[in-house]
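Look at the sequence and structure first.

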Amino acid sequence: MAKAPEGPVPVVVMGLGFIGQEIARAAMSSPEVELIGAVDVQSGLVGRPLGDVLGGPAPRVKVSASLAQAVGKRKGVVVLHATGSRLPKVFDQVMEAVKLGLPVASTCEELAFPYLKYPELADELDQAAQEAGVAVVGTGVNPGFVLDRLVAVAGQVCGPVRRATVTRVVDARTRRPSLQRIVGAGLTEEEFFELVDSEQLGHVGLVESAALAALGLGLDCDDFEEEVAPVFAEEDISGGAFPVRKGRVAGMFQSVVGLEDGQERVRLELTIAMGADDPKDRIEIDADPKLVLEIPGGVAGDRATANALVNAAPRLTAAEAGLLTVLELPAGR
């Protein structure tokens, strides 16, 4: 294992959408990292002072069009990557960083456990990272913490686990407008399922979380079943980025069941809807002893995702080289 860094770790944020900007702000508030640059390919952002993009104080750097330009001659830089959810679409970006000898912490949900859907891409990335001597991890809140890493940690004080049930309920009104649309708020039922069928709607990464949770609990799931269903507004809902009329879709309910020889071993249930009742994160582990953990209100998604990446940066510099999961990240702050 590499030696832990001395002093703040220099980081570059790649992708300046909503989450990328949150990551930049989180980096500026952390004593463990130093924000030295930002990258985005949008022509309207390239060359602009980072402070103008963030709408507040920021390091005196301009947004770069390439990672190499943003890093310059600095050594020991970690890339905080936030450009997309699907691994095939961001694979070349992550590989670019690896080939430059840069560790990567990414919000890409499918990168959290890419061996599930993309074993060939995962093997290629793992080999490249090992050859470059850097670590790569997909992390965040979900996947990355609530529905997988926290579950695995809780299971460490239990005997053999028979079953785990994890529930996350999010009032979408507290989240960014783009997420409110991703969960289908305001749509008709027909529109909802059309977008689900075309993979334009729904939470990416839930099945990856289920696989990680099973792995962390020592469960050998050989199949995963995923379902998505609309949650309908029982009354007119306001308070979000846009109103939702009674009878329209308010959000979604999504579940993944992990099976071992046809027997349910892991169940993840995620509700993200405008006006969702009783927001919370709840973990129930059926073991000896049985364990129940509940976080009233739930972990704040966007800000916590940003913090997860920033806090991962120093851990990556001390981690083994290769493609990691959050279960393999060194613990502690």
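Q: Which residues of helix 9 are buried?
A: This is a predicted model: local features need pLDDT of at least 70, side-chain atom pairs count only at pLDDT 80 or more, and totals for chains, interfaces and linings use all residues. Residues are numbered from 1 along each chain as its sequence is written, and side-chain values use heavy atoms, without hydrogens or water. Buried means under 20% relative accessible area, exposed over 50%, partly exposed in between (1.4 Å probe, protein chains only). In helix 9 the buried residues are Leu206, Val207, Glu208, Ser209, Ala210, Ala211, Leu212, Ala213, Ala214 and Leu217.

Q: What do the buried residues of helix 9 pack against?
A: Helices (H or I, at least four residues) and strands (E, at least two) are DSSP runs, numbered from the N terminus. Contact means heavy atoms within 4.5 Å. The partners are helix 6 and strands 6, 7, 8, 9 and 10.

Q: Why is the pair of Phe113 and Tyr115 edge-to-face?
A: Rings of Phe, Tyr and Trp (its six-membered ring) pair if their centres lie within 6.5 Å; planes under 30 degrees apart count as stacked, over 60 as edge-to-face and the rest as tilted. By this rule the count comes to 2 aromatic pairs. For Phe113 and Tyr115 the ring centres are 6.4 Å apart, and the pair is edge-to-face because the planes meet at 70°.

Q: Is Phe192 buried or exposed?
A: Phe192 pairs edge-to-face with Phe193, at 5.3 Å centre to centre and 85° between the planes. Phe193 is partly exposed at 31% relative accessibility. Phe192 has 0%, so Phe192 is buried.
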